[in-house]
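User: I have a chain to go through with you. Can you take my questions as they come?

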Amino acid sequence: MNWGGLKDLLSGVNQYSTVFGRVWLSVVFVFRVLVFVVAAQRVWNDETKDFDCNTEQPGCKNVCYDHVFPISHIRLWALQLIFVTCPSLMVVGHVKYREKKDMEYTTSHEGKHLYAHPGKKRGGLWWTYLVSLIFKAGFDAGFLGVLYYVYHGYDMPRLIKCELAPCPNVVDCYINRPTEKKIFMLFMVISSAVCIFMCICEMIYLIFKRIKKFILRKKEYEMQRFAETHEMVPLSHPRSVFKSKSSVRVDPTASIRNLSNTRTEEKPGKLVEKS
């Protein structure tokens, strides 16, 4: 599999990610993909030939090997890396969708933009990013659970007792390089746990940042409304303000300060037209 192509495809996520997301991507490609490609595949190379049992009964060795290794570690980790990295493509796809809509809006509205910053994690993109983090952490946790359930823990024994047919009796089977395989398996498990922890930290960071922005936005809205009701807007017509605000499209990627600045810039122009 071409892991370099996947890295090039996911490298664009860095410009939309937080600090935790950039660290997560570095851990995935340095401590998981690189170790998987360079070292882990060689450790599990041709495992059936190196699996030895103290019997010459035809078929006994294959049955015992299938019982000990129902699924290869290499194939399981490859599936895990594919499933874990794919949710990041949701964010890239959402940003590309925003950019396409912004281009269509610009051509039909004389240069005006639908999104001030298509890559900002606001509005629907914030939810897409949060869902991608949930999927990434869930896939990692799910594959760790599958690995623990299939191999009855994260251990690699040296000797295995097998008494399955067509073995004539209890047969002793030996795994090649069990210590080395155990070290690599623990390394992959720990790196997966670190990635889960980074995803959880990023989710907490996004949620607290969203709550903080919501509180600041509420305070600024209350201050702005207080100023409008006591200085600029007549008390006899309070409903006209809400009608005019509801008819204006609000850009989720633009900050409140930018929107307030554009409003203050538009007001002197209107006064000049009236004069």
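User: At the start of H5, which backbone nitrogen does a side-chain oxygen of Ser72 reach?
Analyst: That of Ile74, to within 3.3 Å. A polar contact here is a pair of N or O atoms within 3.5 Å; within protein, one must be able to donate a hydrogen and the other to accept it, and residues adjacent in sequence count only if both atoms are side-chain atoms. Keep in mind that this is a predicted model: local features need pLDDT of at least 70, side-chain atom pairs count only at pLDDT 80 or more, and totals for chains, interfaces and linings use all residues. Residues are numbered from 1 along each chain as its sequence is written, and side-chain values use heavy atoms, with hydrogens and water left out.

User: Where is Thr85, and what does its side chain reach?
Analyst: Thr85 is in helix H5, residues 73–85. Its side chain reaches the backbone oxygen of Leu81 at 2.7 Å. Helices (H or I, at least four residues) and strands (E, at least two) are DSSP runs, numbered from the N terminus.

User: Is Thr85 buried or exposed?
Analyst: Buried, with a relative accessible area of 2%. Buried means under 20% relative accessible area, exposed over 50%, partly exposed in between (1.4 Å probe, protein chains only). Other buried residues in H5 include Trp77, Leu81 and Val84.

User: New topic. How many disulfides are there?
Analyst: The count comes to 3, taking a disulfide as a pair of cysteine sulfur atoms within 2.5 Å. With bonded cysteines counted along the chain, the pattern is 1-6, 2-5, 3-4.

User: Which cysteine does Cys53 pair with?
Analyst: Cys173, with the sulfur atoms 2.1 Å apart. The pair links distant parts of the chain: Cys53 is in strand E1 and Cys173 in strand E3, 120 residues apart. The S-S torsion is about 105°, so this disulfide is right-handed.

User: And which one is joined to Cys60?
Analyst: Cys167, S to S 1.9 Å. Cys60 lies in helix H4 and Cys167 in the loop between E2 and E3, so the pair ties together parts that are 107 residues apart in sequence. The torsion is about 95°, so the disulfide of Cys60 and Cys167 is right-handed.

User: What about the disulfide of Cys64 and Cys162, right-handed or left-handed?
Analyst: Left-handed, because the torsion about the S-S bond is about -90°. Cys64 is in helix H4 and Cys162 in strand E2, 98 residues apart. Both are buried.

User: What is phi for His152?
Analyst: Near 55°, a positive value in a residue other than glycine. His152 lies in the loop between helix H7 (124–151) and E2. At 73% relative accessibility, His152 is exposed.

User: And phi of Arg177?
Analyst: Near 50°, also positive. Arg177 lies in the loop between E3 and H8 and is partly exposed at 35% relative accessibility.
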